[in-house]
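Please look over the structure below with the sequence beside it. The paragraphs that follow lead from one region to the next.

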Amino acid sequence: MTLLAGGGVLALVVSDGPSILRAVSVPAYIAVAPGLACARLIRIPDGLSRFVIGVALSLALGVLVAQGMIHLHRWSPLLGLSTLTAVASLASLTELVRNRLGQHPWREVGAE
Amino acid sequence: MSGDAALLAAPAAARQRVRDGLPAVAQWAAPATALALGVWALRRGDVADIGSLGLVTALRPELYVALTLLTASFLRGVFRTRPAADTLLAAHVVVLVVLLFGAAPIIEPLPRVISGWLHVGFADYIARTGETLPQLDARFSWPGFFALTAMATRAAGIPDAMPLLAWAPVGFNLLYGAVVFRLARLTSADARTAWLALWLFFPANWVGQDYLGPQAMNYLFYLILVMVLLRWFRPIWYGGRHRARPPRSPVGLLLRLLRLPPRPLLLEPVAQRASSASLVGLVAVVLALFAASTVSHQLTPMAIVVCVGALVLVRRCTLRTLPVLLAVMLMAYISYGAVTYWAGHLDDMFGSVGNVGGTINHGAVQRVRGDEGHQMVVLLRLVLTVVVWVLAAVGAWRRMRRGQGDLGLLMLAGAPFLLLAMQSYGGEIFLRVYAFALPFMAILLAALLVPVWPARRHALAALTAGVLSIVLIGAFFVARYGNEAFEQVRPADHRAVEWLYAHAPAGVSFVSVTSNVPWRAQGIERYRYRPIGEDLGPTTVTAIDEEMRRNPKGAYLIMTKGQYVFAESFLGKPQGWGPDLEREVVDSGQFRLVYTNPEARIYVLGNSERGDR
């Protein structure tokens, strides 16, 4: 789901897709997806906590990525979005693989 | 069962289902009606009715009816012998948030609070250039939030962050609510206290730091960080050695004086168990949140360090070295990332360390000025703050009587007060201390109201909770929106500013008489913004003239109603001060009118060729 959403959002931005869809989906993705994918990895038991921790972590990752680009003099919103999509996709892939391989404890937590 | 019996039973079962369903429909009808009625009432509110007491004079009585209905239905759900479903109670809370924090965006045509507009301008600059301007404004030394906003808006293909501005408080408060509920659930024995704490948190949160900006996002970081620590990093065992106190020990005497049992902290919650991999992940979350907080806000990381330090000090957090690590991260960023700021402002940052008296004087006394309405608003805020703190203290006492003191919770309610000794934060520190302590104060406050279950007198408790809720909600509209006369952005002022941006060449000065102008939401670096400031006396016209001549490229003087109301209501200028000043400006013959609308005018110097249209 996160993987599909990430691909969809990137496609919208790159192809300069319909403006309303893009204006809603991109900020929503940045504010929710990367952190939520990581929060799922940590196995936070209840949905409400997972969601708010996910949102806060998404905002935090967004802040770090965006400010990182400023400090590295590589300002590009598309690059930032791609980085966040990569984090989200990596986290959800790990989760997917972990679920497939069975329930043995995984060492990678991928919060960053 | 025979076929006949089954046939007979089917309609009976259906009737039973309908009978069971009716109360459920009725329960859901209450929040739905309250929302519809409240929004209808708000939409009928008129901006023109906003007076010196703020938005409250523009609110229609139907809104209070809606809020009373909502409160009654919520408290009925909470205090019933079998509490209502969580989703139903949550729906009540969402409606409350919309009606409280959506009141201004529904009534007013433009987003309120010019600081939010300025933040849009900061994000706009970063989006255009990919750089920051720490020399221009201290807030650029902590640009994280603006960078995020710039990245998100550009990637979303929207020109700036203005569409997010109006409803940001509703969004942020819903997120705060989710964390406050979890915090309350972690630190209270039953769900009723948690729901009540959540319900009281919103009307008590009048501070107004939830508009689009770093402080609002950082408050979320702060709450989440504390929640993670309280949930997963408390001790699992508090040590069972209860040494008998000598009969005359000061602690024992104090406990007896307060009529508390010998062990007021007997029943403390313990950490939730999690796998070691999860714990490592949670530590990573804590560090990521703190890193983002450090680079995006000046004050919140200090509050986090103080609160985590307090938790570790009383051994309610097992990550003993965390406060040290956080403090190192904070100092590292300040000495690297915020050099431009502290190079010129060392005194601002540390000048008030230890000067508690000065901070209190500056924060509480000097802010009380302005016209009668404004003074009343400030007084109400002070009273509301003290009432919340006193009731929370009584709630804490009541919890300790039952042995449920929860030292971690008490420390978190008290630790933000240490900030008073560290920073004056331009006299705003009181608001921030109140805000940082509020979730925990609300939890203690709820403990005052919820009876020990099963209770015989829960009707009385519900009634008390109802009265307190209604009083807090009533006070909220005055305390939060009390400055609405000048915190709203007037469309006429906005049109004048838009005219400036459309017509003024880059590099000119924009001069105003007070700082209350909705500008700098774009082009922050292209013009010199020069509010003459608070020192407005009989020499103001000369000061304006001098300021305008200072820039060889030219200058525009903008005079708007928003500035006049600010001067009269907040700075305490006499009634009619603004129009009088403008008459002086016109009579001096040195200025020429280039733009006018019913509430705003723009002038240039008489001999200037600029803006001659």
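**A walk through the predicted model**

The crossing of helix 2 of chain B and helix 3 of chain B is left-handed.

The residues that make this contact can be picked out on each helix. Helix 2 of chain B contributes B:Leu63, B:Ala66, B:Leu67, B:Leu70, B:Ser73, B:Phe74, B:Gly77 and B:Val78, and these meet B:Leu88, B:Leu89, B:His92, B:Val95, B:Leu96 and B:Leu99 in helix 3 of chain B.

Is B:Pro109 buried or exposed? With 12 other C-beta atoms within 10 Å, B:Pro109 is exposed, because a residue counts as exposed if 12 or fewer such atoms lie within that distance. Leaving aside neighbours within four places in sequence, B:Pro109 is in contact with B:Val47 and B:Pro491. The C-alpha atom of B:Pro109 is also separated by 9.2 Å from that of B:Gln488, although these two residues are 379 residues apart along the chain.

The next region is a sheet in chain B, an open one formed by five strands in the order 2-1-3-5-4, with mixed pairing. Strand 2 (528-531) and strand 4 (591-597) of chain B stand at the edges, where each has a single partner strand, so one side of each is left without a neighbour in the sheet. On average, and with direction ignored, neighbouring strands of this sheet are turned by 25° against each other.

Strand 3 of chain B can be followed through its pairings on either hand. Strand 1 of chain B pairs with strand 3 of chain B in the parallel sense over four bridges, and the bridge partner of B:Ser509 in strand 3 of chain B is B:Ala555. Strand 3 (residues 555-560) and strand 5 (residues 600-605) of chain B, by contrast, run antiparallel and are joined by five bridges; in strand 5 of chain B, B:Val604 is the bridge partner of B:Tyr556, and B:Arg601 is that of B:Met559.

How many residues of strand 3 of chain B are buried? Six of the six are, so the strand is largely enclosed by the rest of the structure. B:Ala555, B:Leu557 and B:Met559 point one way from strand 3 of chain B, whereas B:Tyr556, B:Ile558 and B:Thr560 point the other way, and all are buried. Helix 23 of chain B, residues 540-550, lies across strand 1 (509-512), strand 2, strand 3 and strand 5 of chain B, and runs at about 170° to strand 1 of chain B.

Finally, the two chains meet in a contact that takes 37 residues from chain A and 39 residues from chain B. On the side of chain A that touches chain B, helix 2 (19-42), helix 3 (47-71) and helix 4 (77-100) of chain A each supply at least two residues, and the largest share, 16 residues, comes from helix 3 of chain A. The residues of that side of chain A divide into 28 nonpolar, five polar and four charged.

Terms used: Residues are numbered from 1 along each chain as its sequence is written. Chains are lettered from A and ligands numbered from 1 in the order in which they are written. This is a predicted model: local features need pLDDT of at least 70, side-chain atom pairs count only at pLDDT 80 or more; totals for chains, interfaces and linings use all residues. Two residues are in contact if their C-beta atoms, placed from the backbone, lie within 7 Å. Ala, Val, Leu, Ile, Met, Phe, Trp, Tyr, Cys and Pro count as nonpolar, Asp, Glu, Lys and Arg as charged, and the others, Gly among them, as polar. A crossing is left-handed if the near helix is turned anticlockwise from the far one by less than a right angle, and right-handed if clockwise. A residue is buried if 20 or more other C-beta atoms lie within 10 Å of its own, exposed if 12 or fewer, and partly exposed in between; C-beta atoms are placed from the backbone. Two strands pair if DSSP finds at least two bridges between them. Axes are lines fitted to C-alpha atoms, for helices over the stretch in contact, and angles run from 0 to 180 degrees between N-to-C directions.
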